[in-house]
Amino acid sequence: MKRVLVIEDNENNLKLITFILEKHGYETLEAVSGREGINLALKEQPDFILLDIQLPDMDGLEVLKAIRASEVDGNLPVIAITSYAMSGDRQRLMAAGCNGYIEKPIDPVTVMDEIEKILKELL
Amino acid sequence: MNDNRKTKKQLIQELENLRRRMAELEQSETDRQRAEEAYRNAEARYYTLFQQSPNGVILVDAKTGETIEANETAYRQLGYTGEEFTALTVKDYEAVETPEEIEKHIQKVIHHGSDNFETLHRTKSGEIRNVHVWAKTVQIAGHSLFYSIFQDITEHKQQEEALRLSEERYRTFVKQSSEAIYLLEIEHATFDTTLSTDEQIDRLYSQAIIRECNQIFAISHGYGRPEEMVGFRIGQIFPRLARENVDYLRAFIENGHHISDVETKELSRDGTVKHFLNSLVGQVENNRLVRIWGGKQEISRIKQAEEALKKAHDELEQRVTARMEELRQANEKLQKDIKARKQAEEEIGIINEELRTVNNIIAIVSKDLNVLEILEKVMDEALHIIGLEGGTICLVTPDETLDLAVHRETSEATILDLTTNRIKIGDCLCGECARDHKPLILREREAVLKFSSREAERREDIRFHAAFPLITGGRCLGVLCLFTRTNQKPLERRLKLIETVTSQIAIALENARLYEEAIHDSAILEDKVRERTTELENSQNGLLTLIEDMKVTSGELEKANLRLQELDHLKSMFIASMSHELRTPLNSIIGFTGILLMGLSGGLTDEQQDQLRRVQTSGKHLLALITDVIDISKIEAGKLQAQVSEFSLASVVDQAAAALKVEIARKGLDLEIALPAEVNLNTDQRRLLQCLINLLSNAVKYTEQGTICLSARNISDFGFRISELEENNSEISPGRRPLRAGGHNSQSTIKQDFIEISVADTGIGIREEDLPLLFTSFTRLESPLKMRNPGTGLGLYLTKKITVELLEGTMVARSRPGVGSTFTLIIPKNLNQGEIQ
């Protein structure tokens, strides 16, 4: 079973995304802050990460940088969760090494396809 | 002889005795023979009984456990022949007890005389059989024997086990079921199902009582253990007061005594009402209702969640409406304030400029006592403040003529004319001014010509001329003239300002003159100087007061500025907080509704699906609305930047068409797309897509039948196209036809810089008088479709804003009521053309 780390501070969003992932057979790890997310990423070595870029304690970019800095080969897939309003951030995140992004609001019907498409393209 | 001889009597007696004994002996022999026969018969009977008994019978030596005798049933059951079996001891077929235990058990039987127990026997083939054994000890010829009779009860045991398992499974199912399960029985055995429905309902309420129920059932009614609810009448849980419950029982009866998934309102121990989804199955035998099985699921939470969702949604809608109104008002106020601020800023700029000039002039006239130097500097400052190029200052001479002292941009001819033939007081422009002690301001060329009497001056083509007398102590010391050959007209207030400073200049002139005179006459001078200085001071004080006043005004304006900046900041904060505050919970509502609709949390009834879908649609609508408001605010605040990338027109058109596909199909409309081949754009893809979706969505909304046509073409001469669009309404007609590669610019030498995209529909159209309202915010035109189509009144406003302010293009709407509307965007293909070329 694939293990996913979800870094998301909003409890409702976190519950929504982990519920959908679990229903699709993924095992989920949860972090509600950037700091916690980095710790879990290093400790648990998940198969990929879903990262909300608007976190209370630090910028999503900083979280991404910290995770990338700790990797040997830098190929742990990190998918950003961005808000529609933040179109400027997307280019910034892709340039900083995100592997893809999904947009809020999360659409339960299509979100798994989007995630799986991004992961497939990385193979 | 007497002693040895017996009497006859004696002999007869003896003989009689012998005979009797003989008879007795014979009798005894017969008896014995009879007894023997009886015994033999009995033995044969018992042996037959023993052999043919349906139970196994074994006679065992109590000491050794060896088989003495066994009947056929016994050895057959154990799979042996009679001989084989006779060679066995108990331990060979006993499968439970060890030899030591068998020994003990035998001793126990001997001690108690008998025993009765169940054990297992092993057959010759190794099979294990359940048996029931009766054992009894007997003493035969001094031997302790016991016989045991056993019965094979394996089948019986298996059935018993099967029954037990089945019972256990049933109990476990009922106990662990997530549904509340219960059994109703009719108190007085049964009732007739041919009775009328109402009578049956009465019977159910009076006679049906709960016999069994599971934990879930008890808990869902607020009880701890199922036993507490046994004996309840159904009225205690399905109150008759709730009409749903009676309807439910009616439906149960009329449906043939079974029913499923019907909502009921049931009572809890604490009196609260809970919602259940109920199913009942009645057992009817020979028209008698015997018992009813019931199962139900509590749906109060789902109901509550539905209600909470609806409430949250209503609240949000209210909040958004209120916020939108606030935002609209704030916006209006802000626009007004910004306008006022801009005006104020302009004024402040002007006033500051004026103040600086006045200060300069005052500084000049206060410091210098050299007349020419004063006049040179005053000339420059005066021209600077009034914004004109030409000027002169003439001084009144004792012979009542005007002497040209300073000049700017004055022709050689005029200078020569003025110096060789001085103007007399009362003559020409300056003379008239010096005579009347009044400014003479001529704003038109004709007026200048009317007053100008000198040939040289008349030839100068002066279109504005202002002459100010320099007066002090009731005497005119000179004339300051300012003029221009351009069409520029100076501000009235500037002219007033010049008029104000002329007295200062005059005083300075007078002082300078007196100073020069004082070289000859210092005594007179001192007095005069003192007098003039006082005058100057007074005049200066007046000016200083004016300056103070201006400073106060300037301070107020600065405060107003600060407040406006605060307001602007507040607006930004408000938008940011609205974005987060409204969007985050709304996203949760939409997300979780989606999950419920997908059935990921369990099945839903059709009704629930329908209601949730309404929640989802409304949520999405609300989100779109908020997003529009935020976009508009950002554009208005200048905070939205175009994200330029290269993409093909076809790809963005495809995306827009895909977004509306379902809606177009639902209304049975045709969508035609006609694009020129291989158009690549370098602009903001996302925003262009947003515009196209808005236009398509509008077309679909206001078209009941016919075709929606999305077409595009390359154009290069933007100005030409606009006029063409406005003149020729039939230029773009719906329908598939090959588009020329941009009409008049088909020659490939002309560069194609713009793309024109049109969305044409065959809908209700727009009245001509309504066209100007199209692109205003929060406006929705009156139409029969308005009520049916949800809309914010922001779509076209936003689309136009994006087109104009982000994509740097333009947008045109044309329409004929009842025929259709066409919305056309014209945008540059390369948004960053300057940078790329």
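The contact between the two chains draws 21 residues from chain A and 19 residues from chain B, where contact means heavy atoms within 4.5 Å. This is a predicted model, in which local features need pLDDT of at least 70 and side-chain atom pairs count only at pLDDT 80 or more, while totals for chains, interfaces and linings use all residues. Residues are numbered from 1 along each chain as its sequence is written, chains are lettered from A and ligands numbered from 1 in the order in which they are written, and side-chain values use heavy atoms, with hydrogens and water left out.

Together, chain A and chain B bury about 1800 Å², with 59% of it on carbon and sulfur atoms. Buried area here is the accessible area (1.4 Å probe) that two parts lose on being put together, summed over both. One salt bridge is counted between the chains; the term stands for a side-chain nitrogen of Lys or Arg within 4 Å of a carboxyl oxygen of Asp or Glu. Its partners are the side chains of A:Glu103 and B:Arg686, at 3.0 Å from N to O. Between chain A and chain B there are also two residue pairs in polar contact, both at pLDDT 80 or more. A polar contact is a pair of N or O atoms within 3.5 Å; within protein, one must be able to donate a hydrogen and the other to accept it, and residues adjacent in sequence count only if both atoms are side-chain atoms.

On the side of chain A that touches chain B, the elements giving two or more residues are helix 1 (11–23), helix 4 (87–95) and strand 5 (100–104) of chain A. Helices (H or I, at least four residues) and strands (E, at least two) are DSSP runs, numbered from the N terminus. Helix 1 of chain A gives the most to this side, with seven residues. Sorted by class, this side of chain A has nine nonpolar, seven polar and five charged residues. Ala, Val, Leu, Ile, Met, Phe, Trp, Tyr, Cys and Pro count as nonpolar, Asp, Glu, Lys and Arg as charged, and the others, Gly among them, as polar.

Next come the sheets. Strands of a sheet pair through backbone hydrogen bonds, either parallel or antiparallel. Two strands are taken to pair if DSSP finds at least two bridges between them. In chain A, five strands form an open sheet in the order 2-1-3-4-5, with parallel pairing. Its edge strands, each pairing on one side only, are strand 2 (27–31) and strand 5 of chain A. Strand 1 (residues 3–7) and strand 3 (residues 48–52) of chain A run parallel and are joined by four bridges; A:Val6 has A:Leu50 in strand 3 as its bridge partner. Helix 2 (residues 34–44) of chain A lies across strand 1, strand 2 and strand 3, running at about 145° to strand 2 of chain A. Axes are lines fitted to C-alpha atoms, for helices over the stretch in contact, and angles run from 0 to 180 degrees between N-to-C directions.

Chain B also has an open sheet of five strands, in the order 2-1-5-4-3 and with antiparallel pairing. Strand 2 (67–70) and strand 3 (114–122) of chain B form the edges. Six bridges link strand 1 (residues 56–61) of chain B to strand 5 (residues 143–152) of chain B, and B:Val57 stands opposite B:Ile149. Helix 1 (residues 8–52) of chain B packs on the sheet, touching strand 1 and strand 2, and its direction makes about 90° with that of strand 2 of chain B.
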